Amino acid sequence: MKRVLVTAGIAAMLLSSGSACAAEKTVTLAVDNMYCAACPYIVKRSLARVGGVANVAVSFARKTATVTYDDHKTTLAALTAATRQAGYPSRALQ
């Protein structure tokens with residue numbers, strides 16, 4: 001009986017540790033088509049609506065958006081798709 005409980009406890013810890021391995025990542029995107037003062041607001045709003053995004057900072061002067069997100073809930077492709085659908089194609093800066 002003790003072996004079963006120990007095995008069940010270990011299995012529960014291993015299964016629950018998957019969420020603990022989620023990594024918060026930050027990426028800077030080069031954003032095209034930002035020409036007016038309203039553009040950064042639209043870009044920020046489109047990125048913030050993506051599930052898993054924790055923070056967005058948009059620079060009109062540098063034409064960039066810096067996004068912090070949970071890589072288990074969203075992807076870089078989803079982030080660039082969100083800006084593209086809003087009319088602002090983007091790509092990750094190296």
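Where does A23 lie? A23 is found in the loop between helix 1 (2-20) and strand 1, where helices (H or I, at least four residues) and strands (E, at least two) are DSSP runs, numbered from the N terminus. The structure is a predicted model, in which local features need pLDDT of at least 70, side-chain atom pairs count only at pLDDT 80 or more, and totals for chains, interfaces and linings use all residues. Residues are numbered from 1 along each chain as its sequence is written, and side-chain values use heavy atoms, with hydrogens and water left out.

The protein contains three helices and four strands. Along the sequence these elements follow the pattern α-β-α-β-β-α-β. Of the 94 residues of the protein, 30% count as buried; buried means under 20% relative accessible area, exposed over 50%, and partly exposed in between (1.4 Å probe, protein chains only). The protein exposes about 6,200 Å², and carbon and sulfur atoms supply 59% of this area. Accessible areas come from the Shrake-Rupley method with a 1.4 Å probe, and for residues only the protein chains shown count as cover. Among the contacts in the protein with a separation of 6 or more, 65% are accounted for by residues 24 or more positions apart, a contact being heavy atoms within 4.5 Å.

A23 itself, at 30% relative accessibility, counts as partly exposed. With residues up to four places away in sequence not counted, A23 touches Y69, D70, D71 and H72. The C-alpha atoms of A23 and K73 are 9.9 Å apart in space, and the two residues are 50 apart in sequence.

Helix 3 spans residues 76-85, and its residues L79, T80, A81, A82 and T83 are buried. The cover over the buried residues of helix 3 includes strand 1 (24-31), helix 2 (39-48), strand 2 (53-59), strand 3 (64-70) and strand 4 (90-92). R84 is also found in helix 3, but R84 counts as exposed, at 51% relative accessibility. After helix 3 comes G87, whose phi is positive, near 100°.

Two packed helices are described by the angle between their axes and the distance between the axes. The axes of helix 2 and helix 3 come within 9 Å and cross at roughly 140°. Axes here are lines fitted to C-alpha atoms, for helices over the stretch in contact, and angles run from 0 to 180 degrees between N-to-C directions. Helix 2 and helix 3 are therefore oblique to each other, given that angles under 35 degrees count as roughly parallel, over 145 as roughly antiparallel, 65 to 115 as roughly perpendicular and the rest as oblique. The crossing of helix 2 with helix 3 is right-handed; a crossing is left-handed if the near helix is turned anticlockwise from the far one by less than a right angle, and right-handed if clockwise. From helix 2, V43, S46 and L47 meet L79, A82 and T83 of helix 3. The residues of this contact divide into four nonpolar, two polar and no charged. In this grouping Ala, Val, Leu, Ile, Met, Phe, Trp, Tyr, Cys and Pro count as nonpolar, Asp, Glu, Lys and Arg as charged, and the others, Gly among them, as polar.

T64 is found in strand 3 and is buried, with a relative accessible area of 6%. Leaving out residues up to four places away in sequence, T64 touches T28, L29, V31, M34, A57, V58, S59 and L93.

Positive phi values also occur at residues other than glycine. N33 is not a glycine, yet has a positive phi of about 70°. N33 sits in the loop between strand 1 and helix 2 and is partly exposed, with a relative accessible area of 35%. K63, likewise not a glycine, has a positive phi of about 60°. The position of K63 is in the loop between strand 2 and strand 3, and K63 counts as partly exposed at 29% relative accessibility.

Q94 is found in the segment after strand 4. With a relative accessible area of 98%, Q94 is exposed. The C-alpha atoms of Q94 and V27 are separated by 8.9 Å, and these residues are 67 residues apart along the chain.
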